[in-house]
Amino acid sequence: MSVSRVGLIGAGAIGRAHLVGAAEAEGVEIVGIADPNVAAKALANEFSIPWFADHRALVDQMKLDGAIVATPNALHVPISLELIGAGIGVLVEKPISDTVEDALRLARTAADANVPLLVGHHRRHNPIIRTARSLVRDGKLGRLVSASALATFLKPDAYFDEAWRRTTAAGPVLINLIHEIDLLRFVCGEIGSLQAITSNAVRGFEVEDTAAIIIQLKNGAVATITLSDTAASPWSWDTSSGENASFAKNSIESHFLSGTDASLALPTLRMWHYAGDRGWFHPLSIGIVDYAAADPYVEQMRHFGSVIRKEEEPLCDAFDAAKTLEITASVRQAAQSGKAVRFS
Ligand SMILES: NC(=O)c1ccc[n+]([C@@H]2O[C@H](COP(=O)([O-])OP(=O)(O)OC[C@H]3O[C@@H](n4cnc5c(N)ncnc54)[C@H](O)[C@@H]3O)[C@@H](O)[C@H]2O)c1
């Protein structure tokens with residue numbers, strides 16, 4: 001198998017996860033790091049690869065096939081555009097951009113240049129989520145009726161010591177909800193409209209601490225997402241899936257999908273159905289759907305290598321990620337107006 005040479009631009013928290021993922025993934029090798037922070041130099045030493053303060057030097061000197069953009073959000077589009085201009089395949093972290101307009105500009109530029117671009121919605125690479133998507137798509141739940149997602153967790157008080165995290169530049173809607181919207185679209189189908197309520201009643205910051213979102217899917221199913229970063233609660237994907245070792249792992253379920261024939265809970269993949277007579281007077285049978293466990297960050301890196309070599313289509317391209325961003329970004333608008341926001 002040929003191995004794609006990849007540069008890492010931005011080597012903070014998620015950059016490290018990509019380094020660890022790439023070390024395990026087939027067909028891809030991270031050959032250098034660009035990050036002005038001196039902490040990144042130590043990280044480069046740890047992985048025995050060269051460090052550059054500026055991404056242009058990394059691009060000029062390391063003969064890259066691809067690059068990961070894991071910088072603060074505002075740099076995602078400008079750096080990705082430079083890489084596309086140089087014909088280098090891109091894995092850009094989520095959110096693809098600060099604005100939908102810039103996300104679409106990036107999507108069109110990559111498509112016109114025929115340079116592969118993958119967006120780092122890593123949950124799509126989790127085999128639990130991929131299994132759930134197949135079950136829904138193959139009709140194993142019957143017709144999908146509803147989905148309920150709980151994303152309620154507690155960010156420690158120290159997290160809010162940084163002033164910007166108390167403003168609308170941060171908050172669970174911008175930072176965390178995007179994963180739930182993307183998961184819902186990927187597993188259950190396209191979103192037609194949503195309504196929302198947000199609250200800052202507990203922390204009292206400018207930004208919301210809690211939100212409830214109700215969603216109409218285009219396939220007729222309905223969904224709800226309950227979101228809070230101030231709840232002493234185990235019920236969230238991050239604190240149950242074990243996907244990211246930084247978080248505690250609780251043995252609970254956070255996502256519940258119901259269909260006319262069966263229901264499915266995640267991340268356990270417990271499936272409920274009527275083995276005999278149907279209806280609420282009769283007991284449901286429970287089974288656990290089998291799947292092959294894999295680390296989504298490793299799988300995302302393997303996939304990126306294949307995307308660079310044009311062996312696979314991006315599992316999340318820039319147009320797709322722009323839609324997830326558009327829907328996520330509409331939540332505060334929906335909460336402020338009290339009206340439904342509709343999507344084409
Ligand atoms: N997919 C996920 O699960 C996930 C998780 C966390 C963060 N993210 C995303 O990844 C991105 C980074 O988040 P993070 O938590 O790692 O942040 P971070 O602050 O830990 O790391 C960002 C790094 O970018 C570096 N940087 C700043 N300007 C740069 C430049 N011009 N060139 C190169 N490097 C530069 C900083 O020095 C820092 O090391 C964000 O867009 C975030 O939304 C994704």
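I began with Asn114, which lies in the loop between α5 and β6 (117-119); helices (H or I, at least four residues) and strands (E, at least two) are DSSP runs, numbered from the N terminus. The phi of Asn114 is near 55°, a positive value in a residue other than glycine. At 52% relative accessibility, Asn114 counts as exposed, where exposed means over 50% relative accessible area, buried means under 20%, and partly exposed lies in between (1.4 Å probe, protein chains only).

Before going on, I noted that this is a predicted model, in which local features need pLDDT of at least 70 and side-chain atom pairs count only at pLDDT 80 or more, while totals for chains, interfaces and linings use all residues. Residues are numbered from 1 along each chain as its sequence is written, and side-chain values use heavy atoms, with hydrogens and water left out.

I then looked up Lys310, which also has a positive phi, near 60°, and which sits in the loop between α9 (296-308) and α10 (318-337).

Next came the cis peptide bonds. One joins Lys94 and Pro95, with omega about -10°, and Pro95 is found in the loop between β5 (89-92) and α5 (100-113). Another runs from Leu266 to Pro267, with omega near 5°, and Pro267 belongs to the loop between β12 (262-266) and β13 (270-273).

Which residues of helix α4 (residues 76-85) are buried? I found His76, Val77, Ile79, Ser80, Leu83 and Ile84. They cover an arc of only 165° around the axis, which puts them on the same side of α4; the arc is that of the directions from the helix axis to the C-beta atoms. The elements covering these residues include β1 (4-9), α3 (55-61) and β4 (66-69), along with β5, α5 and β6. After α4 comes Gly87, whose phi is positive, near 75°.

Last, I traced the open sheet, where 9 strands follow the order β14-β13-β12-β11-β7-β10-β9-β8-β15 with mixed pairing; two strands pair if DSSP finds at least two bridges between them. At the edges stand β14 (285-288) and β15 (341-342), each with a single partner strand, so one side of each is left without a neighbour in the sheet. Within the sheet, β12 and β13 pair in the antiparallel sense over 4 bridges, and Ser263 stands opposite Trp272 in β13. Helix α6 (residues 127-137) packs on the sheet, touching β7 (144-152), β11 (255-259), β12 and β13, where contact means heavy atoms within 4.5 Å.

How values were computed:
Axes fitted to C-alpha atoms, helices over the stretch in contact; angles between N-to-C directions.
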